[in-house]
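Me: Got a model open here and want to go through it quickly. Can you take my questions as they come?

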Amino acid sequence: MLLFLAGVTVFALVGLLRLRTDVGYAAFLGESHPAVRRFDAFLERFGGGYPIAVVWSCAETERCEHVFDDDALRMAATVAGRLKSRPGVRRVESPATSLLVLSSEDGVVARRFVDEHGPVDDVEFLAERALGDKLWVGNLVSADAQVGAILIELRASDSATSVVAYAELEAALAPFRDRGYRYHLVGGPIDFVVAGDELRRANERLIPLVGVLLAGVIWLLVRSVFAVAATLASGALAVLWTLGLLGWIGWPQNTLTQTLPPLVLVISACHGLHLLWRYAAESSDAVDRAEREAALLRVARDIGGPCVITTLTTAGAFLSFTTSGLESFVRFGIVSAAGAGIALLLSFALLPILLRGVMLAPLDRGPEGEGGAWERALHGLTRVAAAAPLAVVCVAALLGAVSAVGLPRLEVDVSYEDLYGEDSRVVRWVHFVEENLRAPETLEIEIGLPDGERLSAPERMDRLAEFEAFLSATDGLGRVHSILDPLRAMNRLLHDDDPQYERTGRTARENAGLLFLLGGAAPLDPWVTVDLRYARLSVEASKVPQDRLRELIREVRGYVESELPPSWTVTLTGPAVLVHTMVEEVKHTQLYSFVSAGLVVLVLVAVFLRSFGWAVLAMIPTGLPVLLTLGVMGFAGVRLDVGTAMVAAVVIGIAIDDTVHLLTQYRRRRARGLEAAISIEQAVVHVGRALITTSIALALGFLSLVVSPWSSVASFGVVASVAISVALLADLVVLPALILVLSRRRWPV
Amino acid sequence: MFALGLCAWCAVFMSSPVRAEDVPPAAADAVSLSAHDILDRALEKRFDLDARASIAITVTSRGGQRDRKQVELASKRVNGLVQSFGRFTYPEELRGMAMLRLEKADRMDDFFAYLPEFKRVRRLATPHRADMFVGTDATYEDIERRRANDYDVELSPSDVIHGEDVWVVTTAPRYAESGYGRVDYLIAKSDYAILEQRHYRVGAENAFKVIEAPRSHMRMLQERIVPTRIIMTDHNHGTHTEVEILGLVVNPELPDSLFTTSALSREQRLPPLDED
């Protein structure tokens, strides 16, 4: 057996080496998600829409007083020049290298601040013109010239492109950081790469913490350092196998799968706790190795069945995530279900080997031993339920009913600060850029005309201008970048910089001519396609709450439907829409996974207990904590986020375990002919300590997530921890009370 | 504008197509030629023709959108410098718009545009020859006339493309502000025809831009080889530009006055295209 385990471990280690981490919208939503495909098609068409902005302020460094100072220009030119030809980078704009289109004595001249010899001689003149240029101010430079930005458009939204571009960017910025520049990086790729890296680092700190907490709980139960080490070793191996499996399947790690190690470790520890506790009880009178081995076998037979079914219910609940429209949730569901199975396998394969082969002394059962404080406390608990079972059931039912009213009030939301945490660099950078330069988010809009129509027609330009005006005036949206501003600017330049010509052309021929001239000064492909059938509007957007974002997108869609010609195809995409899509999908996942997890668990328990009625009964103490927790959140106005949306399914899958263990013991006693009241009391005393200990382990394990910098992960930990605690109370008090009430009414329980 | 550059660059012909076997073998006397000499001969064979032509330019974007323009062109050497005049005939929106390009010996070429709707001639000045050229895959640098002395050259191992033996002349631009770290010219050993140009960024291993001149679309006249179809593919942008010569007259009578800004604003007509 050890050889087999070693072989699989080596296999898993190889899989671990194949494991990679993916970030970005595609990693979360899935490459085939319609929203991701629309965004990728948009990026393909316009070569932009997924930018990184590198922002610096001369107020934060002694190297420059304003963006057009010699040193700042050289820095921007060096960074932009280096990034321009890097893989994955489509285009780079900067105050040093971007074209500034001006009128000249006899025409139009495109200028740059830096040529191959360095900053040009007439920087001051150019700076004055740049600060009066709408295309520059609030985009590449702040109105007071204190803040500058390098904009990097990536070729694609996939993880590899973002990761490589970020690495290249960091390498390009490093020498200038050393010289005193401070950079604030914003954009989707930054959010995912930097915040994802912060999460990974936090998880690396988290796993030892979970290990220490579990070690403490196990030690309190069995007072044996070796038992602690053996249980944790079994759990660690389960984590390794699970991640190795992930590597062999070829699925990358993402934000969700980063929670796998603590999750599998806790599940494994719970199996270990059941095994250790029963072994402690069974081996107390064993005098030699043979008797201890026999005790171990009895324990395995005793708890094996319940552990298998609890693993199946846990795995079933995790598999409920496969109903999600989010690929990351689907994969998480499958791999975490596999992880639960692996944890079971190792708990019943490796752990017994370790206990049998090495540990010679009987496990310590704790200072009080059988019949001690634990037993008295558990007896007391069941007597409370027995004293007024109807009242307990009624109170539970009332709480459940009230909570059910709170459920519909639950809202799903993801605030930027809550998602990543206020201390995240990503959040601090976003705040800086929003305060000093521009809104950090973008809503991208693609407008397509029917075959044969071209945007150069003045009536179509006017429609675009009206749409732009609507977008700019919409609360939560900001400036709109499109072909219109450069076109107006070109018209003005063509007419000797006369401001009255700052408008689009009066005829299609005028607009076509202006576009042609414009194409001679700057690339047009970020804004219109070569056939003039597709146009892009890039709208600055604030990081607004989800409900406002939902409303905002509805308003824009409403305008499109009512004001724009029906023959136009209008596609909303970009980071703002993808964030909105992710949150909506999370919301659906929460609902579907909750329902499907409940059904899967119900069916599995019904099969295991060979009774649908018993299964329904088991669901009451399992569903009640979920109902209570979410209901209270609904009343308190605490919103669900990406993390807490998973709580319902996860808690159902885990909380049912204690119920199954308890009901198994209860039904064995009933089968032996004991009264219901005695059976439930004995069952509680028999498994109570293990239930309490495993629940404490689970609650602490989840609670340890509170140290995560991501509020969504931390809040998941807190909510799951509370729900597990409530589930324990429901198992030890509500379930016995319910059984007693039913038995007194002569129900066959 | 692109067409103007290409006019000089292609130097156009509509006589019978050139086949490799139709031309005298160059390899024999090329054994002792240096890379510089090979490139010099190839460029000399391609440029230096006055012409009157009609060309079509089709730009295909990453997303598959196409834009086709047609231009009537005239190109003439004045004091050894190429001057080109072009007027758009398609699409309708651009019909009548005209462009003028004047080669300069010591700096970037001058470009002027005339927009009939505005009745204005305007100089178009760009700071960098590596800048993209009016929505095509070409840069200003691509359409400038090149000479072998513009490059540091070396001969790379020979290659075979489309069944033809070619010299691979690897060059590094000497002139200022080039957008390329390296340009490989693939020159047919049979007749010095430039079949392909591969453009590389500084330090890059793979060419990001390739310009092809298919042998099946080459014509020979007055000992000059003229590609009548050129395909420029930008792998970086995922786009390509195709230039096709629809009609051509070589060394026509072209007045010097045609290549002036006043000719642009007068909407001066080009001489008719009576093909050779």
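Me: Chain B first. Among contacts between residues at least 6 apart in sequence, what share joins residues at least 24 apart?
Reply: For chain B that share is 55%. Keep in mind that this is a predicted model.

Me: And what about chain A, for residues 24 or more positions apart?
Reply: There they account for 78% of the contacts with a separation of 6 or more.

Me: What secondary structure does chain B have?
Reply: Five helices and 15 strands.

Me: And chain A?
Reply: Chain A has 24 helices and twelve strands.

Me: How much of chain B is buried?
Reply: 61% of its 276 residues count as buried. For chain A, the figure is 61% of 749 residues.

Me: What box do the C-alpha atoms of chain A fill?
Reply: Roughly 105 × 50 × 40 Å, along the principal axes.

Me: On to the interface. How many residues are in contact on each side?
Reply: 40 from chain A and 42 from chain B.

Me: What area is buried between them?
Reply: About 3,500 Å². Carbon and sulfur atoms give 52% of that buried area.

Me: Which chain A residues lose the most area to chain B?
Reply: Arg509(A), Phe516(A) and Val530(A). Together they make up 22% of what the chain A side buries.

Me: How does the lining divide by residue type?
Reply: Five nonpolar, six polar and four charged.

Me: And how much space is in there?
Reply: The second largest pocket holds about 330 Å³.

Me: Last one, Thr89(B). Which strand is that in?
Reply: Thr89(B) sits in strand S3 of chain B, residues 81-90.

Me: What does Thr89(B) touch, leaving out residues up to four places away in sequence?
Reply: Gln70(B), Val71(B), Glu72(B) and Arg95(B).

Me: And where is Val226(B) relative to Thr89(B)?
Reply: The two are 137 residues apart in sequence. In space, they are 23 Å apart, C-alpha to C-alpha.

Notes:
Residues numbered from 1 in each chain as written. Chains lettered and ligands numbered in written order. Predicted model: local features only at pLDDT ≥ 70, side-chain atom pairs only at ≥ 80, totals over all residues. Heavy atoms only, no water. 1 Å grid on protein atoms, 1.4 Å probe; cavity = no way out; pocket = protein on both sides within 12 Å on 5 of 7 lines; lining within 4 Å. Points joined across faces, edges and corners; volume = space filled by probe spheres on them. Nonpolar A, V, L, I, M, F, W, Y, C, P; charged D, E, K, R; others polar. Helix = DSSP H or I, 4+ residues; strand = E, 2+ residues; numbered from the N terminus. Buried < 20%, exposed > 50% of the residue type's maximum accessible area, 1.4 Å probe, protein only. Contact = heavy atoms within 4.5 Å. Buried area = accessible area lost by both parts, 1.4 Å probe.
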